[in-house]
Protein chains: 4
Amino acid sequence: MINIGILGANGYTGEQLMKILSTHSQANLEIMSSRSEQGKKITDVYPNLTLLKNKTFSGLDLDALSKMDVVFSCLPHAASSELCSKLYKTGVKVIDLSADFRYKSLDIYQNTYKVKHADPELLKTAVYGLPEINREKIKKSSLIGNPGCYTTSSILPLYPVIKEGFVSSSGIIIDSKSGTSGAGKKADIALNFVEVNESFKAYGVTTHRHTSEIEEVLSLNTDKNVTVNFTPHLLPINRGILSTIYAPLQKQVDENEIYDLYEKYYSNETFINITKDLPQIKWVTDSNNVFIGFRIDKKNNLLIIISVLDNLIKGASGQAVQNMNIMFGFDETTGLI
Amino acid sequence: MINIGILGANGYTGEQLMKILSTHSQANLEIMSSRSEQGKKITDVYPNLTLLKNKTFSGLDLDALSKMDVVFSCLPHAASSELCSKLYKTGVKVIDLSADFRYKSLDIYQNTYKVKHADPELLKTAVYGLPEINREKIKKSSLIGNPGCYTTSSILPLYPVIKEGFVSSSGIIIDSKSGTSGAGKKADIALNFVEVNESFKAYGVTTHRHTSEIEEVLSLNTDKNVTVNFTPHLLPINRGILSTIYAPLQKQVDENEIYDLYEKYYSNETFINITKDLPQIKWVTDSNNVFIGFRIDKKNNLLIIISVLDNLIKGASGQAVQNMNIMFGFDETTGLI
Amino acid sequence: MINIGILGANGYTGEQLMKILSTHSQANLEIMSSRSEQGKKITDVYPNLTLLKNKTFSGLDLDALSKMDVVFSCLPHAASSELCSKLYKTGVKVIDLSADFRYKSLDIYQNTYKVKHADPELLKTAVYGLPEINREKIKKSSLIGNPGCYTTSSILPLYPVIKEGFVSSSGIIIDSKSGTSGAGKKADIALNFVEVNESFKAYGVTTHRHTSEIEEVLSLNTDKNVTVNFTPHLLPINRGILSTIYAPLQKQVDENEIYDLYEKYYSNETFINITKDLPQIKWVTDSNNVFIGFRIDKKNNLLIIISVLDNLIKGASGQAVQNMNIMFGFDETTGLI
Amino acid sequence: MINIGILGANGYTGEQLMKILSTHSQANLEIMSSRSEQGKKITDVYPNLTLLKNKTFSGLDLDALSKMDVVFSCLPHAASSELCSKLYKTGVKVIDLSADFRYKSLDIYQNTYKVKHADPELLKTAVYGLPEINREKIKKSSLIGNPGCYTTSSILPLYPVIKEGFVSSSGIIIDSKSGTSGAGKKADIALNFVEVNESFKAYGVTTHRHTSEIEEVLSLNTDKNVTVNFTPHLLPINRGILSTIYAPLQKQVDENEIYDLYEKYYSNETFINITKDLPQIKWVTDSNNVFIGFRIDKKNNLLIIISVLDNLIKGASGQAVQNMNIMFGFDETTGLI
């Protein structure tokens with residue numbers, strides 16, 4: 001059993017972490033801090049988390065947190081790195097769900113997020129927590145930058161086909177659609193039921209921050225200069241992301257060869273499912289699974305890939321727990337479905 | 001053609017008024033005031049209202065409003081009566097969509113809304129704007145208290161059966177379910193898509209303000225002392241109310257007699273439809289219609305009535321326009337479906 | 001580890017059983033039969049059930065089923081009792097999710113379901129599988145009639161207050177609202193997305209079959225002649241039931257006394273939560289929990305109770321697994337949250 | 001006033017036609033035929049259409065239909081052309097909402113729809129009913145092939161920028177998302193609420209029939225050989241289409257120049273709105289409007305265009321009425337918002 005703290009536990013990723021960890025056989029949820037909910041019972045805010053009925057949101061206590069085995073940070077970027085840096089230096093393992101430790105390049109981070117990084121040196125130390133690509137590094141790491149939701153749904157399907165030269169590293173279009181929990185838990189008329197329900201829209205077109213994360217991670221891992229257009233949309237559902245990816249083919253391949261390539265990379269991965277049908281969001285809701293399906297458009301020489309995941313699980317808290325499992329030598333699927 | 005002003009035009013009832021009046025053959029939408037949106041084009045806030053693309057939200061200008069033929073107020077209670085009182089005294093006709101002029105009893109109003117009324121004398125003058133009951137008074141009135149949404153869905157089905165003694169005037173239970181636009185347009189996490197979607201809840205149990213409005217209006221119009229339990233719920237849909245009403249039968253009647261009673265009261269009413277099937281919310285969305293269906297539960301000696309209406313139309317803005325049509329001698333259905 | 005068979009595994013309750021049992025530490029899912037899906041892989045029909053990726057829907061094989069430790073039947077009524085009767089007589093434990101073994105009175109069953117019962121003698125043997133009321137009988141039983149979803153949401157909150165004479169045993173009104181999965185998985189235009197979404201309706205008014213089940217179970221367990229009006233409605237959500245129950249108070253009690261009564265009956269029950277707030281459906285989605293909240297309406301002398309549960313879990317498959325856990329001496333919460 | 005018949009009036013496009021035409025000042029809805037609903041009152045099937053409460057679905061009577069001024073066909077392809085051909089030859093004007101008269105090339109039609117065309121000669125006579133491109137031809141035509149919903153949402157934004165050489169005529173990607181009414185009204189488990197709600201999927205990837213319609217219409221009207229990838233998705237909403245279009249830029253232009261180009265083509269079009277913000281589906285629900293917004297992605301040299309429309313109105317029945325208005329010399333906006 002390990003002792004666990006969560007920073008900023010009151011939002012949707014915090015809720016999901018608490019939900020997963022409250023049934024995790026190796027986890028002892030010790031500290032759940034939240035400035036806004038400090039002193040309230042967890043079940044006053046999330047009555048559904050009945051297993052935590054005796055627990056309370058605490059205030060921020062770095063000293064107590066430093067005695068944990070691992071701390072998850074669900075704080076917003078900038079605020080997160082400042083506290084994660086301090087905690088990391090006390091020797092506690094840190095898994096940061098913000099963007100602050102996802103980048104290797106300080107410039108790209110700062111250009112993307114328009115803030116100064118609290119501890120740029122740590123960018124070299126931190127490991128990008130995508131287990132299917134970085135498992136060995138994660139094992140030895142004490143500081144994880146947990147990937148973004150859109151990013152995970154883009155990188156996992158693109159990594160094998162770019163790396164093996166099946167598709168071009170430029171001219172790639174990622175048209176993503178996310179459930180509304182991806183926007184976080186905040187009072188904002190634009191997120192009201194009446195505004196979102198029975199509607200659909202694009203947002204952040206040409207400017208969304210996950211673009212640079214996708215490009216940097218894919219470039220570093222494929223040794224190519226990857227550029228993408230990433231266009232997110234807001235779905236009137238609670239959770240789930242579907243990304244439709246259009247990638248220019250560079251090789252004469254048929255669908256069987258692509259299937260075999262994905263199997264080569266992912267057949268041993270519990271949470272990645274390659275499918276001959278095209279996946280739907282309902283296949284992954286409430287699970288840590290990713291499904292990847294695809295078609296070749298011969299006329300336009302395109303590989304069209306469809307990936308789905310749950311933005312709060314494989315796109316955030318589930319992946320964070322998967323990283324924790326790896327870091328502590330637990331079975332990687334403990335607590336996850 | 002008449003000139004029209006709207007106070008507090010930026011919310012959902014204001015939007016709906018603008019939508020209806022922009023296609024109304026006798027209406028010239030002249031002033032749409034909004035403190036929060038002042039100076040913005042209507043279509044910057046509601047791009048769907050393309051017919052108003054040259055119009056702008058103005059600030060509050062009582063002098064200009066007093067030159068209109070009629071002013072609708074979509075302001076909240078208390079604020080509304082203060083301005084409506086001033087406007088009414090300039091001679092302009094006023095239709096107030098707040099609760100401020102719905103009551104005859106100052107005590108009941110003040111006990112219900114916990115505020116002092118700005119002009120209690122006017123409660124005697126104001127007419128409760130439910131055309132199917134008060135049409136003749138509305139014709140001669142210059143000050144209308146436009147009924148609440150839940151209230152309309154409760155009074156219209158109960159009025160004939162209480163008045164004729166088919167059901168008891170006490171022991172009535174009204175279990176109502178409303179779409180989320182009924183909560184208004186405001187930033188509030190409890191109204192966020194993720195909170196409302198895939199859920200359902202009761203609220204205001206034993207304390208909802210519409211209870212006293214239902215009781216007063218029914219009592220005054222049936223000459224009985226009507227008491228009801230009114231329990232509202234929040235539906236994960238944009239618009240529409242369904243009320244399930246349980247009323248103890250007082251007479252040995254069969255369903256045909258009840259049907260005939262409703263037909264006697266409402267067969268000449270364009271917007272009231274008595275149905276042998278049980279109505280659904282989708283029958284009334286985007287229209288000024290009410291449907292009323294019912295069943296007798298012999299074992300429990302209950303009349304079960306189901307009514308449906310669109311909370312933003314017959315429950316607010318459509319009914320307000322219906323009142324306007326009556327006040328100005330237009331065909332009562334002008335601009336309404 | 002016990003070996004498990006499921007009859008009629010292809011519908012929504014079958015899917016939920018497979019989902020729960022695939023992570024149950026004591027369960028070996030051996031046979032999942034389905035006439036319509038026979039021969040297909042489970043994951044061809046339910047790709048989300050990735051833990052069952054090597055399993056296949058089989059045809060009906062009573063001999064193989066009789067070698068299981070327990071068989072769950074998700075078949076429709078009439079068909080279910082015929083097969084359950086045969087299986088039970090081979091010595092296998094049987095949990096029937098249909099209505100066929102829920103009644104003690106053959107007459108009430110046959111009047112309600114308009115069919116002849118396949119094995120009326122077994123009605124005496126079968127135990128009504130509501131653990132919070134019948135736990136001791138369930139322990140010793142080999143044939144369980146698993147309760148209906150609406151029924152569970154009605155009986156659990158009413159049982160203590162009727163039994164202790166807090167409320168009358170007649171004049172009770174149960175206004176229930178259920179998600180659409182309660183209607184089952186079948187091709188029917190009335191269940192299409194466009195028909196259900198953005199709408200709401202009552203159905204089965206005065207005629208719904210769960211009425212007689214609620215009345216019989218409450219009467220037998222409180223030694224009173226309980227009669228209720230039960231009125232169900234269709235919510236545009238996937239899963240969850242909220243019941244608003246109006247019961248005439250018989251005793252002068254305050255809310256604290258009612259709270260204490262519920263605590264007396266249910267404070268040791270893992271899956272029943274008594275709450276001072278009023279519960280919402282989202283509190284129970286995807287869990288075996290029930291929440292019960294209430295208010296007193298003094299003016300109308302009513303106790304208003306709100307209960308919520310997930311119709312597919314505590315209202316069907318979760319409760320069935322809870323029964324299985326009891327029958328086999330497992331921790332009652334195994335595999336359930 | 002003109003007399004109007006509708007063939008196959010029972011589906012969603014038929015319902016929408018009846019709704020629009022029942023308030024159209026020049027329209028007399030005379031015949032609404034439906035094999036499946038023959039003899040039923042319109043309001044038995046669509047209680048919301050209260051203005052048609054005295055009308056009945058009839059069976060097929062070509063003789064009666066031939067006496068109308070115009071007949072709309074909502075029949076499926078193949079069945080539609082057979083009857084439309086007969087009716088056209090009796091001299092009645094025909095507006096066909098199926099695909100049967102949308103193509104100029106018989107080969108493309110037959111390859112796309114895998115049926116023999118009932119009257120290939122008429123392909124030359126028929127006019128593609130997209131008023132913003134073909135208004136003059138529509139005025140003189142008696143046989144209209146009414147465009148598809150996805151097609152309208154793709155052609156209107158692409159036509160100006162391809163024709164003027166701003167973007168390439170190949171390498172265009174159209175990622176479209178449609179509400180579920182686009183799938184029609186039929187019993188099919190895949191269209192059930194529980195299957196569609198809280199999910200999202202692509203379908204018809206590389207094979208959707210609207211691809212060839214988009215390509216043929218754009219090619220004929222721009223004198224270029226236009227090829228596109230068209231990928232549709234199913235949104236969990238009732239109505240509305242949003243298309244995200246990625247087109248390779250061919251000219252060095254900025255966003256102002258593109259805005260000016262759209263204004264040049266469409267500023268006189270009542271139903272086309274060019275917007276500097278990016279449009280959302282809720283802007284067009286229940287109206288005949290189209291909104292077009294766009295951004296330039298300089299890094300990838302792409303023009304990203306977002307268009308929205310209501311699939312049942314501008315994507316079907318509203319556009320059909322717009323065509324009727326043009327054919328009969330009515331104000332083009334009569335009956336439409």
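What is the mean pLDDT of chain A? The mean is 97, and 100% of the residues of chain A reach 70 or more; pLDDT is the predictor's confidence in each residue, from 0 to 100. This is a predicted model, in which local features need pLDDT of at least 70, side-chain atom pairs count only at pLDDT 80 or more, and totals for chains, interfaces and linings use all residues. Residues are numbered from 1 along each chain as its sequence is written, while chains are lettered from A and ligands numbered from 1 in the order in which they are written. The model scores ipTM 0.97 and pTM 0.98.

**View 1. The open sheet of chain D.** Six strands with parallel pairing run in the order S2-S1-S3-S4-S6-S5 in chain D. Strand S2 (27-33) and strand S5 (127-128) of chain D stand at the edges with a single partner strand each, so one side of each is left without a neighbour in the sheet. Helices (H or I, at least four residues) and strands (E, at least two) are DSSP runs, numbered from the N terminus, and two strands pair if DSSP finds at least two bridges between them.

**View 2. Strands S4 and S6 of chain D, with a helix against the sheet.** Strand S4 (residues 93-96) and strand S6 (residues 143-145) of chain D pair in the parallel sense over three bridges. Here Asp96(D) stands opposite Gly145(D) in S6(D). Helix H12 (residues 313-327) of chain D packs on the sheet and touches strand S3 (70-73), S4 and S6 of chain D. Contact between two residues asks that their C-beta atoms, placed from the backbone, lie within 7 Å.

**View 3. Where chain D meets chain A.** This contact takes 34 residues from chain D and 34 residues from chain A. Strands that each supply at least two residues of the side of chain D touching chain A include S7 (172-178) and S10 (241-248) of chain D. A rotation of 180° with 0.0 Å of shift along its axis superposes chain D on chain A (RMSD 0.0 Å), by least squares on the C-alpha atoms of residues with pLDDT of at least 70 in both. That is the relation of a two-fold axis.

**View 4. Helix H1 of chain A.** Helix H1 (residues 12-21) of chain A is mostly covered, with 10 of its 10 residues buried (20 or more other C-beta atoms within 10 Å of a residue's own, with C-beta atoms placed from the backbone). Among the buried residues of H1(A) are Tyr12(A) and Leu21(A). Their cover includes strand S1 (2-7) and helix H12 (313-327) of chain A.

Notes. Axes fitted to C-alpha atoms, helices over the stretch in contact; angles between N-to-C directions. Buried ≥ 20, exposed ≤ 12 C-beta atoms within 10 Å, placed from the backbone.
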